[in-house]
Amino acid sequence: MSKPLALRFLRSAGDAGQLPASRCEVALVGRSNVGKSSLLNAVANRKGLARTSKAPGATRLLNVFELGGEPGRWLVDLPGYGFARAPKADRRRWQQMMDSYLIDRPALAQVLLLVDGLVGPTPLDLQTVEWLAHHGVALRPVATKADKVKPSRRSARRNELATALGLAPGDVLWTSAAKGQGIPELRAELAATLRLNP
Ligand SMILES: Nc1nc2c(ncn2[C@@H]2O[C@H](COP(=O)(O)OP(=O)(O)OP(=O)(O)O)[C@@H](O)[C@H]2O)c(=O)[nH]1
Ligand SMILES: [Mg+2]
C-alpha cells in the first residue's frame with residue numbers, strides 16, 4: 001500500500017481569475033463522467049472529498065485541493081467536457097472556464113488527461129490533446145475504469161487506446177479508482193510533480 005496524498009479541499013471558483021497564485025498545480029481534465037473526481041478521491045483515499053456522480057456534470061466549478069502542510073501545491077478538479085445534454089450556454093461557459101484556466105495559470109505543471117479505458121478517446125478528447133499541445137501544456141495520459149475492461153481484452157485495449165492517442169502503450173497510465181490499479185504509481189508521480197516548483 002502506498003501512502004495517500006493528504007489533500008484537503010481549499011476552495012471553488014467559477015473562473016480562473018478568482019484564484020490566487022499557487023506554487024505548483026496539476027489539473028484533472030477529461031470528458032464528463034470519465035472519473036476525474038473519483039480518481040482524486042482514490043489518490044487521497046477519501047471517498048467523499050470531491051463530489052462524484054453516476055450522472056455526468058457532477059463537477060461544475062474549478063475545485064482546488066491542496067496538499068496538507070504545503071500551501072500552494074494544488075490538485076485541481078475541473079468540470080468535464082462533452083456532456084451532450086448540457087445546455088449550450090453551459091457548454092460554452094465550460095469551454096471558456098477551461099480555456100482561461102489552462103492558459104492563465106503560470107504554475108500549472110501538468111494536466112492529467114483522463115480517457116475512459118473502455119470507451120477510448122472520443123473526438124473531443126483528441127481535440128483537447130491537440131489544444132493542450134498547441135498551448136504548450138504538459139500532458140500526462142491516464143486511462144480510467146480499468147476494472148471495466150475484461151481481462152481477456154486488456155492487452156488489446158492497451159494497444160488500441162494508446163494508438164488512438166498516437167502514443168506507445170507504456171505511455172498511458174492505466175488506473176481504476178474502484179479497484180486501486182495504478183493508484184500507487186499515480187500518487188508517487190503526483191507527489192513528485194507537485195514539488196517541481198520551489
Ligand atoms: N467501475 C468503475 N467506475 C468508476 C471508476 N471511476 C469512476 N467511476 C464511476 O464513474 C462515474 C463518474 O465518476 P466521476 O468521478 O463523478 O466523474 P467525473 O469525471 O468527475 O465527472 P464530471 O464531474 O461530471 O466531469 C461514477 O458513477 C463513478 O462511480 C472506476 O475506476 N471504475
Ligand atoms: Mg467530477
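Which residues point one way from S3, and which the other way? In this predicted model, Leu 62, Val 64 and Glu 66 point one way, while Asn 63, Phe 65 and Leu 67 point the other way. All are buried. Strand S3 spans residues 62-67. Six of its six residues are buried, so the strand is largely enclosed by the rest of the structure.

S3 belongs to an open sheet of seven strands. The order is S1-S3-S4-S2-S5-S6-S7, and the pairing is mixed. Strand S1 (7-13) and strand S7 (173-174) stand at the edges. Each has a single partner strand, so one side of each lacks a neighbour in the sheet. Helix H3 (residues 123-134) packs on the sheet and touches S2, S5 and strand S6 (139-144). The direction of H3 makes about 165 degrees with that of S5.

The pairings around S3 are antiparallel on both sides. Six bridges join S1 to S3. Arg 8 stands opposite Glu 66 in S3. Four bridges link S3 and S4. Asn 63 has Asp 77 in S4 as its bridge partner. S3 and S4 also form a hairpin, with five residues between them. Gly 69, in the turn, has a positive phi of about 75 degrees.

Strand S2 (residues 24-30) and strand S4 (residues 73-77) run parallel, joined by five bridges. Here Val 26 stands opposite Leu 75 in S4.

Leu 28 lies in strand S2. Beyond its neighbours within four places in sequence, Leu 28 is in contact with Lys 36, Leu 39, Leu 40, Val 76, Asp 77, Leu 78, Leu 112 and Leu 114. Leu 28 and Leu 40 are twelve residues apart along the chain, and their C-alpha atoms are separated by 8.3 Å.

Leu 28 is also part of the largest nonpolar core, which holds 47 residues. Leu 28, Val 43 and Leu 114 touch the most other members. Strand S5 (residues 108-116) gives the most to this core, with seven residues. In soluble globular proteins, nonpolar side chains tend to be buried together.

Ligand 1 is surrounded by 24 residues. The closest are Gly 35, Ser 38, Thr 52, Thr 59 and Gly 80. Six residues of the shell are nonpolar, 13 are polar and five are charged. Helix H1 (residues 36-44) gives the most to this shell, with three residues.

Conventions: Residues are numbered from 1 along each chain as its sequence is written. Chains are lettered from A and ligands numbered from 1 in the order in which they are written. This is a predicted model: local features need pLDDT of at least 70, side-chain atom pairs count only at pLDDT 80 or more; totals for chains, interfaces and linings use all residues. A residue is near a molecule or strand if its C-beta atom, placed from the backbone, lies within 6 Å of it. Helices (H or I, at least four residues) and strands (E, at least two) are DSSP runs, numbered from the N terminus. Ala, Val, Leu, Ile, Met, Phe, Trp, Tyr, Cys and Pro count as nonpolar, Asp, Glu, Lys and Arg as charged, and the others, Gly among them, as polar. A nonpolar core is a set of buried Ala, Val, Leu, Ile, Met, Phe, Trp, Tyr and Cys residues joined through C-beta atoms within 7 Å. A residue is buried if 20 or more other C-beta atoms lie within 10 Å of its own, exposed if 12 or fewer, and partly exposed in between; C-beta atoms are placed from the backbone. Two strands pair if DSSP finds at least two bridges between them. Two residues are in contact if their C-beta atoms, placed from the backbone, lie within 7 Å. Axes are lines fitted to C-alpha atoms, for helices over the stretch in contact, and angles run from 0 to 180 degrees between N-to-C directions.
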